[in-house]
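Subject: Structure handover

Hello,

Here is the structure I promised to pass on. Please open it first, then read my notes below.

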Amino acid sequence: ACFRDYIAHNVTGFVFDHCGPDREKHLVGRLTQVLGLDRERIEQIGEAARAKAAEFDVAEVGQRYLDDFEGLLQTHA
(Lines give C-alpha, C1' and ligand atoms only; values in the text may rest on other atoms or scores of the structure.)
Protein backbone atom coordinates (compact mmCIF):
# COMPACT_ATOMS: atom_id res chain seq x y z
CA ALA A 1 0.00 0.00 0.00
CA CYS A 2 2.87 2.41 0.71
CA PHE A 3 3.91 2.39 -2.95
CA ARG A 4 0.55 3.58 -4.31
CA ASP A 5 1.82 7.16 -4.26
CA TYR A 6 4.63 6.14 -6.60
CA ILE A 7 3.54 3.20 -8.69
CA ALA A 8 0.39 2.99 -10.78
CA HIS A 9 0.28 -0.52 -12.22
CA ASN A 10 1.08 -0.60 -15.94
CA VAL A 11 1.45 3.20 -15.91
CA THR A 12 4.53 4.05 -13.84
CA GLY A 13 5.61 0.52 -12.97
CA PHE A 14 4.38 -2.91 -12.09
CA VAL A 15 3.04 -4.47 -8.92
CA PHE A 16 2.36 -7.98 -7.76
CA ASP A 17 1.03 -9.59 -4.59
CA HIS A 18 4.24 -9.93 -2.59
CA CYS A 19 2.55 -10.87 0.68
CA GLY A 20 0.30 -13.72 -0.36
CA PRO A 21 1.12 -17.41 -0.17
CA ASP A 22 1.84 -17.61 -3.92
CA ARG A 23 4.10 -14.56 -4.10
CA GLU A 24 6.72 -16.36 -6.21
CA LYS A 25 4.05 -17.38 -8.69
CA HIS A 26 2.72 -13.81 -8.82
CA LEU A 27 6.23 -12.43 -9.37
CA VAL A 28 6.89 -14.88 -12.20
CA GLY A 29 3.58 -13.99 -13.78
CA ARG A 30 4.27 -10.27 -13.58
CA LEU A 31 7.82 -10.64 -14.95
CA THR A 32 6.48 -12.77 -17.79
CA GLN A 33 3.95 -10.03 -18.57
CA VAL A 34 6.62 -7.32 -18.51
CA LEU A 35 8.98 -9.29 -20.72
CA GLY A 36 6.14 -9.70 -23.22
CA LEU A 37 5.62 -5.94 -23.63
CA ASP A 38 6.91 -4.23 -26.73
CA ARG A 39 9.76 -1.72 -26.54
CA GLU A 40 7.49 1.27 -27.14
CA ARG A 41 5.27 0.39 -24.18
CA ILE A 42 8.27 -0.16 -21.91
CA GLU A 43 9.62 3.25 -22.93
CA GLN A 44 6.25 4.88 -22.19
CA ILE A 45 6.16 3.34 -18.74
CA GLY A 46 9.77 4.37 -18.13
CA GLU A 47 9.02 7.97 -19.11
CA ALA A 48 5.96 8.03 -16.85
CA ALA A 49 8.01 6.55 -13.99
CA ARG A 50 10.73 9.18 -14.38
CA ALA A 51 8.11 11.96 -14.40
CA LYS A 52 6.51 10.53 -11.25
CA ALA A 53 9.90 10.21 -9.54
CA ALA A 54 10.62 13.86 -10.32
CA GLU A 55 7.59 14.79 -8.21
CA PHE A 56 9.46 13.38 -5.21
CA ASP A 57 12.78 15.10 -5.90
CA VAL A 58 14.24 16.62 -2.73
CA ALA A 59 13.97 20.16 -4.07
CA GLU A 60 10.36 19.60 -5.17
CA VAL A 61 9.29 18.12 -1.83
CA GLY A 62 11.17 20.85 0.04
CA GLN A 63 9.35 23.52 -1.94
CA ARG A 64 6.01 21.90 -1.12
CA TYR A 65 6.83 22.05 2.59
CA LEU A 66 7.85 25.71 2.30
CA ASP A 67 4.63 26.50 0.43
CA ASP A 68 2.58 24.71 3.10
CA PHE A 69 4.35 26.55 5.92
CA GLU A 70 3.86 29.87 4.16
CA GLY A 71 0.15 29.12 3.77
CA LEU A 72 -0.14 28.24 7.44
CA LEU A 73 1.62 31.45 8.47
CA GLN A 74 -0.66 33.55 6.26
CA THR A 75 -3.83 32.02 7.70
CA HIS A 76 -2.68 32.61 11.27
CA ALA A 77 -1.32 36.13 10.79
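Start with T12. Its side chain reaches the backbone oxygen of Y6 at 3.1 Å. That side chain also reaches the backbone nitrogen of A8, at 2.7 Å. Bear in mind throughout that this is a predicted model.

T12 sits in the segment before α1, the helix covering 23-35. T12 counts as buried because its relative accessibility is 13%, and the cut-off for buried is under 20%. Setting aside neighbours within four places in sequence, T12 is in contact with Y6, I7, I45, A48, A49 and K52.

N10 lies in the segment before α1 as well. Check its backbone: phi is positive, about 65 degrees, although N10 is not a glycine. With a relative accessible area of 25%, N10 is partly exposed.

Next, K52. This residue belongs to helix α2, residues 39-54. Beyond its neighbours within four places in sequence, K52 is in contact with D5, Y6 and T12. K52 and I7 are 45 residues apart in sequence, yet their C-alpha atoms are 8.3 Å apart in space. K52 is partly exposed, at 24% relative accessibility. K52 also meets E55 in a salt bridge, 3.2 Å from N to O. E55 is partly exposed too, with a relative accessible area of 34%.

How many salt bridges are there in total? The count is three. Side chains of opposite charge can pair when their charged atoms come close. Besides the K52 pair, these are the others:

- E43 with R39: the closest N and O atoms are 3.1 Å apart. Both are in helix α2, and because they are four residues apart, about one helical turn separates them. E43 is partly exposed at 39% relative accessibility, whereas R39 is exposed at 67%.
- R64 with E60: the closest N and O atoms are 3.6 Å apart. These two are in helix α3, again four residues apart, so about one helical turn lies between them. R64 is partly exposed at 35% relative accessibility, and E60 is partly exposed at 37%.

Now the helices themselves. α2 has 16 residues, so at 1.5 Å a residue it should span 22 Å. Its end C-alpha atoms are 23 Å apart, which agrees. D38 caps the N-terminal end of α2. A side-chain oxygen of D38 lies 3.2 Å from the backbone nitrogen of E40.

α3 has 18 residues and covers 26 Å from its first C-alpha to its last. That is close to the expected 26 Å at 1.5 Å a residue. At the start of α3, look at D57: one of its side-chain oxygens comes within 3.0 Å of the backbone nitrogen of A59.

Last, the surface. Which residues make the nonpolar patch? They are Y65, L66, F69 and L72, and the patch is about 450 Å². L72 is in helix α3, residues 58-75. L72 counts as partly exposed because its relative accessibility is 47%, and the range for that class ends where exposed begins, over 50%.

Best wishes

Definitions and conventions:
Residues are numbered from 1 along each chain as its sequence is written. This is a predicted model: local features need pLDDT of at least 70, side-chain atom pairs count only at pLDDT 80 or more; totals for chains, interfaces and linings use all residues. Side-chain values use heavy atoms; hydrogens and water are left out. Buried means under 20% relative accessible area, exposed over 50%, partly exposed in between (1.4 Å probe, protein chains only). A polar contact is a pair of N or O atoms within 3.5 Å; within protein, one must be able to donate a hydrogen and the other to accept it, and residues adjacent in sequence count only if both atoms are side-chain atoms. Contact means heavy atoms within 4.5 Å. Patches are made of residues with over 30% relative accessible area and no salt bridge: like charges are joined within 9 Å, nonpolar side chains (Val, Leu, Ile, Met, Phe, Trp, Tyr) within 5 Å. Accessible areas come from the Shrake-Rupley method with a 1.4 Å probe; for residues, only the protein chains shown count as cover. A salt bridge is a side-chain nitrogen of Lys or Arg within 4 Å of a carboxyl oxygen of Asp or Glu. The expected span of a helix is 1.5 Å times one less than its number of residues.
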